[in-house]
Amino acid sequence: MVESKIFKAIQAARAYSLETDEAIKIFIRNELPFSVRESYGGNTACVEIINEKEYILCDAGTGLRDFGNHYMKAKMSGHKNLPNVFNIFISHLHWDHIQGFPFFTPAYIPGNRINVYGFHEALEQVFVNQQNAPCFPVPLQAMKADISFHIMETDRKYDIAGIKVSGIKQHHPGDSYGYCFLKDGKKVIYSTDSEHKETAIDENYRFIDFFKNADLLIFDAQYNFLDSVDAKENWGHSSNILGVELAVRAGVKQLCLFHNEHTFDDEALDHFLNDTQKYLKIMDDQSNMKIHLAYDDFTIEI
Ligand SMILES: [Zn+2]
Ligand SMILES: [Zn+2]
């Protein structure tokens, strides 16, 4: 993939006289598509909601390893006053949402506190099991941070680290849960691994209310529309098209397509995003909603 990116970049550069370093930088930034100059990356689900007090994270996929490494780097380089409490909200217990935890360095540091929240009764047991022999050399009990597990309920609202948090049950094999985070009038929804069935067209569809006026909706759009209604129906994921439709109906300001299809390369993902943006124009050409496609280390301001 890297070789083909270099090839495409040099090919595109033929038309330019790039005599200074600055000209090269501008060319890269302005003339090369994202799929050539960067990469969407391959980490599994982990999102940080930046908060000034304690850390707020959604899911513990492989992205958690990168997050932990960034934290350790900042700590080593002498950053004072970094929070030492990590609140991790787990959508469900499939591997791709928990497998970063054994590699989360802050969990090995005494004095750190890690609260793992979720709706599945088996939450703690599954975290213990994934680190038991013969799957991993270090058992969960050997991690030196103070780690605790908290089971939540969907009919309750919680106040955690200054943020109001609530959840919704989603259609997915073994169930999954979406989260709503509210603070200072801003609303973020994390809704991954969620399939929407025929009831999604109902006027009073419960997710419309849950997504209502969100500043940011992080939405499971693993599939394109055809796959979601045909070959991959009942696999527990949703599509870019349904994401746009639900987001527009709910008055969402920014939509981030999430849980990228793992068989798509960077170029296919670029097309996927372009198609989704085109669909929004066809559906509602007055809409100001911004559409993003998640990639490793991407930050969205709300
Ligand atoms: Zn899943
Ligand atoms: Zn998943």
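Which residues have the most contacts inside the largest nonpolar core? The legends below start there. This is a predicted model, where local features need pLDDT of at least 70, side-chain atom pairs count only at pLDDT 80 or more, and totals for chains, interfaces and linings use all residues. Residues are numbered from 1 along each chain as its sequence is written, chains are lettered from A and ligands numbered from 1 in the order in which they are written, and side-chain values use heavy atoms, with hydrogens and water left out.

**View 1. The largest nonpolar core has 30 residues.** Phe211, Leu217, Leu246, Val252, Leu255, Met289 and Ile291 are the ones with the most contacts inside this core. Two or more residues each come from helix 6 (206–211), strand 10 (216–220), helix 8 (240–250), strand 11 (254–258), helix 9 (266–283) and strand 12 (290–293). Helix 8 gives the largest share, five residues. A nonpolar core here is a set of buried Ala, Val, Leu, Ile, Met, Phe, Trp, Tyr and Cys residues joined through side-chain atoms within 4.5 Å. Buried means under 20% relative accessible area, exposed over 50%, and partly exposed in between (1.4 Å probe, protein chains only). Helices (H or I, at least four residues) and strands (E, at least two) are DSSP runs, numbered from the N terminus.

**View 2. Phe211 and its contacts.** Leaving out neighbours within four places in sequence, Phe211 is in contact (heavy atoms within 4.5 Å) with Lys187, Ile189, Ser191, Leu217, Phe219, Leu246, Ala250 and Val252. Apart from the core of View 1 lies another one, of 26 residues, with Tyr55, Phe86, Leu93 and Ile147 among them. As background, nonpolar side chains tend to be buried together in soluble globular proteins.

**View 3. Four residues coordinate the zinc ion (ligand 1).** The donors are His92 (NE2), His94 (ND1), His172 (NE2) and Asp193 (OD), at 2.1 to 2.6 Å. Donors are N, O and S atoms within 2.8 Å of the metal (3.2 Å for Na, K and Ca); water is not among the atoms, so sites may look incomplete. Along the sequence the donor residues are spaced H-x1-H-x77-H-x20-D. The four donor atoms subtend angles of 87 to 172°, so the arrangement is irregular. For that call, four donors count as tetrahedral if all angles lie between 85 and 135 degrees; four count as square planar and six as octahedral if opposite donors are over 155 degrees apart and all others between 65 and 115; anything else is irregular.

**View 4. Asp193 bridges the zinc ion (ligand 1) and the zinc ion (ligand 2).** The two ions lie 3.6 Å apart. His94 sits in the loop between strand 3 (85–89) and strand 4 (113–118), and Asp193 in the loop between strand 9 (186–191) and helix 6, so this pair ties together parts 99 residues apart in sequence. Is Asp193 buried or exposed? Asp193 counts as buried, at 1% relative accessibility, while His94 is partly exposed at 32%.

**View 5. The zinc ion (ligand 2) has its own set of four donors.** Asp96 (OD), His97 (NE2), Asp193 (OD) and His259 (NE2) coordinate this ion at 2.1 to 2.2 Å. The donor spacing in sequence reads D-H-x95-D-x65-H. With angles of 91 to 166° among the four donor atoms, this site is irregular. His97 counts as buried, at 0% relative accessibility.

**View 6. A salt bridge joins Asp266 and Lys5.** Their closest N and O atoms are 2.6 Å apart. The pair links distant parts of the chain, with Asp266 in helix 9 and Lys5 in helix 1 (residues 2–13), 261 residues apart. Both ends count as buried: Asp266 at 5% relative accessibility and Lys5 at 15%. Not counting residues up to four places away in sequence, Asp266 touches Met1, Lys5, Ser35, Glu38, Ser39, Tyr40 and Gly41.

View 7. A salt bridge is a side-chain nitrogen of Lys or Arg within 4 Å of a carboxyl oxygen of Asp or Glu. Asp159 and Lys164 pair up at 3.5 Å, N to O; Asp159 is exposed at 55% relative accessible area, and Lys164 is partly exposed at 46%. Glu195 and Lys197 meet at 3.4 Å, N to O, with Glu195 buried at 5% and Lys197 partly exposed at 24%. Arg29, Arg37 and Glu38 are linked in a network of salt bridges.
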